[in-house]
Amino acid sequence: MPLPKISEAREFSDEQLVEEILAVKKQLFQLRLQKATRQLEKPHQFRHARHRLSQLLTVETERKHSSKSTD
């Protein structure tokens, strides 16, 4: 499974972006819980989730900065 593209994250609306950030944070929590209980079967999911979260937060920051510059 390839890493997600940031162009996909840029297509989200602001509400979808916030929802997706929360979903990925919950996913990371679940992965950490599975790792702690030794139930994690696919450790590469950590990398994918962290990568996705960083992309989403980057897009969110870009939008905040662009909205401040237009004010």
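The largest nonpolar core of this predicted model has eleven residues, namely Ala9, Leu17, Ile21, Val24, Leu28, Leu31, Phe46, Ala49, Leu53, Leu56 and Val59. A nonpolar core here is a set of buried Ala, Val, Leu, Ile, Met, Phe, Trp, Tyr and Cys residues joined through side-chain atoms within 4.5 Å, where buried means under 20% relative accessible area, exposed means over 50%, and partly exposed lies in between (1.4 Å probe, protein chains only). Two or more residues of this core come from each of the elements α2 (14-36) and α3 (44-70); helices (H or I, at least four residues) and strands (E, at least two) are DSSP runs numbered from the N terminus. In soluble globular proteins, nonpolar side chains tend to be buried together.

Helix α3 has 27 residues and spans 40 Å from its first C-alpha to its last, which is close to the 39 Å expected at 1.5 Å a residue, the expected span being 1.5 Å times one less than the number of residues. Its buried residues are Phe46, His48, Ala49, Arg52, Leu53, Gln55, Leu56 and Val59, and these pack against α1 and α2. When neighbours within four places in sequence are left aside, Val59 is in contact (heavy atoms within 4.5 Å) with Ile6, Ala9, Arg10 and Leu17.

Over the face of Phe46 lies Lys35, at 5.7 Å from the ring centre; a charge sits over a ring if NZ of Lys or CZ of Arg is within 6 Å of the ring centre and within 35 degrees of the ring normal.

The structure also holds two salt bridges, each defined as a side-chain nitrogen of Lys or Arg within 4 Å of a carboxyl oxygen of Asp or Glu.

| Salt bridge | N to O distance |
|---|---|
| Arg10 and Glu62 | 3.0 Å |
| Arg63 and Asp14 | 2.8 Å |

Arg10 lies in helix α1 (residues 6-10) and Glu62 in helix α3, so this pair ties together parts that are 52 residues apart in sequence. Arg10 is partly exposed, with a relative accessible area of 42%, and Glu62 is partly exposed at 35%. In the other pair, Arg63 lies in helix α3 and Asp14 in helix α2, so parts that are 49 residues apart in sequence are tied together. Arg63 is partly exposed with a relative accessible area of 23%, while Asp14 counts as partly exposed at 47%.

Residues are numbered from 1 along each chain as its sequence is written, and side-chain values use heavy atoms, with hydrogens and water left out. Since the model is predicted, local features need pLDDT of at least 70 and side-chain atom pairs count only at pLDDT 80 or more, whereas totals for chains, interfaces and linings use all residues.
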